[in-house]
Amino acid sequence: MGLSGLEIFKQLPKTNCKECGYPTCLAFAMALANGKASLDACPDVTEEAKEALASAAAPPIKMVKVGAGDRVIEMGDETEIFRHDKRFNHPTAVTVEVKDTDDLDARLAVINDLTFERVGQEYSVDMIALVNASGDAGKFKAAAETVKGKTEKNVVLVSEDTAAMEGALDVLAERKPLVYAANKDNFEKMTELAKSKECPLAVKGEDLNSLAELVDKIVALGYKELVLDSGSRETSKVLADLTQIRRLAVRKKFRAFGYPSIAFTSKDDPQEDLMQAGVYLSKYASIVVLKTDKKEHLLPLFSWRANLFTDPQKPAQVQPGLHAIGDADENSPVYCTTNFSLSFYLVEGEVSSTRIPSYILSVDTNGTSVLTAYADNRYTAESIAAAIKSTGLEDKVKHKNIVIPGLVAVLKGSLEDESGWDVTVGPREASGITKFAKEKFA
Amino acid sequence: MAVEILKEKYRSQVREVVLGATKDEGGTRSATIKVGGESTLPFLHFEGEVPNPPVVAMEVWDIFPEEWPQNLKDAFGDALNDPAAWAKKCVEEFGADLIALRFKGADPDVKDASAEDCIAVLKTVLEAVGVPLIVYGCGKLEKDNAIIGPIGEAAEGENLLLGVAEQENYKSVASAAMAYKHSVIAQSPIDINIAKQLNILISEMSTPLLDRIVIDPTIAALGYGIEYSYSIMERARFGALNGDRMLGMPMIGNVGHEVWSKKETFIPVDEEPGWGDQAERSLAWEAVTAIALLQAGMNILVMRHPQAVKLVKQNIDELMQDNSY
């Protein structure tokens with residue numbers, strides 16, 4: 001989204017002095033536009049030009065960090081509106097709300113325990129948001145102490161009372177929590193607090209206009225580690241505001257909105273809470289704060305996040321290896337496919353609907369599909385035979401029969417030679433597996 | 001400083017498709033349903049029109065759904081033994097906007113129900129409820145081709161939404177729609193070019209059918225490649241708004257069908273302690289899948305669990321609130 005080479009060229013001295021290592025100023029400008037050179041290499045560039053180019057070259061959304069050490073969470077630094085154009089960089093930080101009036105020991109124990117494993121990936125709650133629901137500064141500080149002692153998670157401190165914030169921040173400053181929030185009345189003091197402790201600061205407006213004004217005032221105070229909240233809480237309005245913030249930052253380079261964003265759910269019912277969180281996670285929130293701390297609610301949310309933030313230019317992969325479907329045992333049939341996630345899931349779905357416990361051997365094809373991998377010499381008699389060996393399949397089942405996709409029927413002979421197994425040619429499409437299994441294995 | 005709200009101006013809009021037909025229109029539905037017609041991306045009321053909210057169809061089978069997990073069956077009780085009672089429950093108790101009748105029993109490997117059997121079920125369901133109907137075959141091409149014509153004929157004028165036409169097999173469904181005044185689901189395998197090509201093929205058979213096509217872009221469940229469907233849908237909708245007439249149809253997604261075969265919906269908590277309660281998890285899985293697809297432009301969601309339906313319908317209501325600046 002930066003300037004074009006020609007736009008940059010206009011700002012350069014046009015001396016063609018070659019000091020920068022490029023033959024002409026134009027060539028240097030092109031290299032700058034592609035991010036391959038740094039303006040510092042030019043000896044004659046004016047201060048004005050530097051400033052103009054620096055602001056134009058800055059990323060549309062600043063990267064802001066919360067947390068310290070190896071628990072740092074990066075937010076922002078996004079360049080896209082649609083994931084099909086290019087990958088979204090930083091997955092939404094899923095944050096569970098707790099109040100300083102809750103039984104914190106119990107709640108933090110539950111939240112600490114919220115870790116999930118699904119398809120070889122591990123997820124856990126990224127942050128807790130500690131809310132000063134009591135309205136009491138002493139209580140908020142005591143709660144911060146409890147948080148400090150009982151969890152290592154990152155923290156959002158939620159209070160618009162500067163005295164309460166100061167106390168809690170003193171306790172947790174080393175964690176680099178997100179200070180939530182500066183509003184139109186407290187922003188000078190909140191900015192000072194966040195700045196002195198070098199913590200990110202959330203800016204809360206009453207709508208987009210007041211948010212932009214407030215951001216400008218805080219930037220004028222010399223602080224830019226900001227996270228945006230338009231103040232809206234109704235689902236439809238939040239969707240609109242998050243969309244405008246992202247669009248204006250990316251498309252118009254509107255500086256006041258060039259920061260990560262935070263969204264809070266507003267429902268008391270945990271299921272409804274989850275629905276709202278799903279909307280905000282889909283559409284651009286860098287942080288979603290929700291209330292439910294149930295595994296059965298958070299697992300689908302984490303799964304959606306894992307899907308949404310994948311790189312659309314890379315085929316999604318599953319773990320290569322042997323996958324048991326149902327209570328597979330030594331007599332179960334063995335199907336063979338690739339580790340391209342769509343191929344695998346199609347086969348997995350069909351095999352599990354046969355209700356016959358089975359194994360699926362997923363050969364590492366670098367995430368390519370059956371035919372692509374075959375054409376690319378990744379799905380071959382050799383690679384399949386090697387996978388049979390490396391997964392210990394010969395010890396898992398007492399037969400020696402493997403089903404290969406009908407699309408690569410041609411591999412039958414060579415695989416039999418290579419592996420010593422009997423090879424059955426399966427259906428061409430996964431949708432044929434039910435019928436096939438019924439005839440062969442039922 | 002006032003923020004200058006960024007409003008996109010699109011060249012076109014999604015076609016509006018009417019489902020069902022009332023008595024005056026040659027059918028027996030108590031009301032019709034309109035889908036599509038939007039001139040912006042999902043729920044961005046601040047820059048365009050979203051004249052018709054997305055709708056939820058609930059699935060009803062011609063046979064008892066043995067394979068459903070127990071908690072899903074429990075949500076319906078005895079009604080699952082009788083398609084008419086089942087459909088009535090969906091509409092009256094659970095607020096289904098439409099019924100999606102699936103002729104699972106027609107599968108030669110299941111019950112091999114004949115076209116006549118299917119028609120008998122269709123008639124009882126048409127009688128039991130006043131909402132428009134979506135009709136799916138059993139998923140086996142040969143059998144579906146054999147039954148779709150008679151089914152279409154038996155319900156002539158009802159403007160059913162008939163599923164599914166595919167690139168290699170669209171003529172029987174499109175002919176039934178053309179001859180007996182129904183609409184068509186055009187299904188493509190997560191591929192925007194095939195979606196377009198199929199619409200062209202169908203419109204070549206009959207131009208007026210262009211206003212009676214609903215695209216099924218093929219959706220995957222949460223955790224099983226949903227991001228592919230999501231991006232294909234976003235691209236298709238973007239194309240539609242930018243004037244691509246052959247992509248400008250409303251979209252339908254078979255959410256329940258995809259979700260309820262996945263292990264996240266049926267593995268009990270004692271087998272996967274980290275995944276939480278199965279009953280709650282399974283319906284959350286269906287609801288979150290639907291929520292995500294709504295954000296990519298889904299117009300008709302075909303779903304199963306009543307509580308998931310309720311949550312999604314509420315989310316739609318909230319998202320339909322005006323958010324103009």
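**Cavities and their surroundings**

Chain A, to begin with the setting, has 17 helices and 17 strands, and because this is a predicted model, everything that follows is computed from predicted coordinates. Along the principal axes, the C-alpha atoms of chain A fill a box of roughly 75 × 70 × 35 Å. Of the 442 residues in this chain, 53% count as buried, where buried stands for a relative accessible area under 20%. The accessible surface of chain A comes to about 18,700 Å², and 47% of that surface belongs to carbon and sulfur atoms. Contacts tell us about the fold as well: among those in chain A between residues at least 6 apart in sequence, 65% join residues at least 24 apart.

Now to the cavities themselves. Rolling a probe the size of a water molecule over the atoms shows where empty space is left. The count comes to six cavities of 30 Å³ or more, and the largest cavity has a volume of about 160 Å³. Its lining is made up of 21 residues, and those that lie nearest the centre are Glu78(A), Arg246(A), Tyr284(A), Ala285(A) and Ser286(A). Sorted by class, the lining of the largest cavity holds 13 nonpolar, six polar and two charged residues.

The second largest cavity has a volume of about 90 Å³. It is lined by 13 residues, and the closest to its centre are Glu38(B), Pro42(B), Phe43(B), Val50(B) and Pro54(B). By class, this second lining divides into eight nonpolar, three polar and two charged residues.

In helix 2 (residues 83-92) of chain B, the buried residues are Pro83(B), Ala84(B), Trp86(B), Ala87(B) and Cys90(B). These residues lie on the same side of helix 2 of chain B, because they cover an arc of only 160° around the axis. The cover over the buried residues of this helix includes strand 3 (55-61), strand 4 (98-102) and helix 3 (115-128) of chain B.

A few backbone details in chain B complete the view. Asp112(B) lies in the loop between strand 4 and helix 3 of chain B, and its phi is near 50°, a positive value in a residue other than glycine. With a relative accessible area of 44%, Asp112(B) is partly exposed. Asn159(B), found in the loop between helix 4 (141-154) and strand 6 of chain B, also has a phi near 50°, but Asn159(B) counts as buried because its relative accessibility is 10%, under the 20% cut-off. Strand 6 (residues 161-165) of chain B is also the place of Val164(B), and a cis peptide bond joins Gly163(B) and Val164(B), with omega about -20°.

Chain A has a cis peptide bond as well, between Tyr180(A) and Ala181(A), with omega about 10°, and Ala181(A) is found in strand 8 (residues 178-182) of chain A.

Terms used
Residues are numbered from 1 along each chain as its sequence is written. Chains are lettered from A and ligands numbered from 1 in the order in which they are written. This is a predicted model: local features need pLDDT of at least 70, side-chain atom pairs count only at pLDDT 80 or more; totals for chains, interfaces and linings use all residues. Side-chain values use heavy atoms; hydrogens and water are left out. Buried means under 20% relative accessible area, exposed over 50%, partly exposed in between (1.4 Å probe, protein chains only). Helices (H or I, at least four residues) and strands (E, at least two) are DSSP runs, numbered from the N terminus. The arc is that of the directions from the helix axis to the C-beta atoms. Contact means heavy atoms within 4.5 Å. On a 1 Å grid over the protein atoms alone, a cavity is a set of points where a 1.4 Å probe fits but cannot get out, and a pocket is an open set with protein on both sides within 12 Å along at least five of seven lines; lining residues have an atom within 4 Å of a point. Grid points are joined across faces, edges and corners, and a volume is the space filled by probe spheres set on the points. Ala, Val, Leu, Ile, Met, Phe, Trp, Tyr, Cys and Pro count as nonpolar, Asp, Glu, Lys and Arg as charged, and the others, Gly among them, as polar. Accessible areas come from the Shrake-Rupley method with a 1.4 Å probe; for residues, only the protein chains shown count as cover.
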